[in-house]
Amino acid sequence: MPKKIPTRRPRNLPTRAEQNALYEKKRRNRDPYRNWYHRAAWKALRKQVLENNPFCVRCKRRGIVTVADTVNHIKKHESDEELFYDIENLESVCASCHGREIQSEEKRRS
Ligand SMILES: [Zn+2]
């Protein structure tokens, strides 16, 4: 009769999947704005911004034409719902600019 292979996780502790689910839940509760990105209102606004300006504004400043696929908050909304949905505070950017420049700007500011 084969013996059950012993595991290192004590029975009273959650599995890795349970730990991950718990982490995500805590993160959503801590930063409710994360849920705003899933709302229909945001999706419609995002679509409108990209339709108004389908090219990356950051690349344009450097004389490059790139198709935008991301909408960036110019001024950090910091969970301010009004600022989050303010179309004047939104700009079309490409994923590259959003990842590189903007995230590092936000890191510097915080
Ligand atoms: Zn760009």
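**Notes on the zinc site**

I started with the spacing of the zinc ion's donor residues, which reads C-x2-C-x34-C-x2-C in sequence. Before going on, I note that this is a predicted model, where local features need pLDDT of at least 70 and side-chain atom pairs count only at pLDDT 80 or more, while totals for chains, interfaces and linings use all residues. Residues are numbered from 1 along each chain as its sequence is written, and side-chain values use heavy atoms, with hydrogens and water left out.

Which atoms hold the zinc ion? I found the SG atoms of Cys 56, Cys 59, Cys 94 and Cys 97, at 2.3 to 2.4 Å. Donors here are N, O and S atoms within 2.8 Å of the metal (3.2 Å for Na, K and Ca), and water is not among the atoms, so sites may look incomplete.

Next I checked the angles. The four donor atoms subtend 104 to 115 degrees around the zinc ion, which makes the arrangement tetrahedral. For four donors, that label asks for all angles between 85 and 135 degrees; square planar (four donors) and octahedral (six) ask for opposite donors over 155 degrees apart and all others between 65 and 115, and anything else is irregular.

Are Cys 56 and Cys 59 buried or exposed? Both are buried. The cut-offs, with a 1.4 Å probe and protein chains only, are under 20% relative accessible area for buried, over 50% for exposed, and partly exposed in between.

**Notes on the rings**

I then went through the aromatic side chains. Rings of Phe, Tyr and Trp (its six-membered ring) pair if their centres lie within 6.5 Å; planes under 30 degrees apart count as stacked, over 60 as edge-to-face and the rest as tilted. How many aromatic pairs does this rule give? The count is six.

One of them is Tyr 37 with Phe 84, an edge-to-face pair with 5.0 Å from centre to centre and 75 degrees between the planes. This pair links distant parts of the chain, 47 residues apart: Tyr 37 is in the loop between helix 2 (33–36) and helix 3 (40–52), and Phe 84 is in helix 5 (residues 81–84). Helices (H or I, at least four residues) and strands (E, at least two) are DSSP runs, numbered from the N terminus. Tyr 37 is partly exposed at 32% relative accessibility, whereas Phe 84 is buried at 0%.

Phe 84 also pairs with Trp 42: the ring centres are 4.9 Å apart and the planes at 45 degrees, so I logged this pair as tilted. It too links distant parts of the chain, with Trp 42 in helix 3 and Phe 84 in helix 5, 42 residues apart. Trp 42 is buried, like Phe 84.

I put the ring pairs together and got a cluster of Tyr 33, Trp 36, Tyr 37, Trp 42, Phe 84 and Tyr 85.

**Notes on the strands and a loop**

Strand 1 (70–73) came next. Both of its faces are covered: Thr 70 and Asn 72 on one side, Val 71 and His 73 on the other, all buried. It pairs with strand 2 (residues 90–93) in the antiparallel sense over four bridges; two strands pair if DSSP finds at least two bridges between them. What stands opposite His 73 in strand 2? I found Leu 90 there.

In the loop between strand 1 and helix 5 I stopped at Glu 78. Glu 78 is not a glycine, yet its phi is positive, about 45 degrees. It is exposed, at 63% relative accessibility. Ser 79, in that loop between strand 1 and helix 5, also has a positive phi, near 65 degrees. At 38% relative accessibility, Ser 79 is partly exposed.

**Notes on charged pairs**

Last, I searched the whole structure for salt bridges and got seven. The rule is a side-chain nitrogen of Lys or Arg within 4 Å of a carboxyl oxygen of Asp or Glu.

Among them is Glu 81 with Arg 39, at 2.7 Å from N to O. Glu 81 lies in helix 5 and Arg 39 in the loop between helix 2 and helix 3, so this pair ties together parts 42 residues apart in sequence.

Another is Arg 58 with Glu 91, at 3.0 Å from N to O. That pair links helix 4 (residues 57–61), where Arg 58 sits, to strand 2, where Glu 91 sits, 33 residues apart. Arg 58 is buried at 10% relative accessible area, and Glu 91 is buried at 7%.
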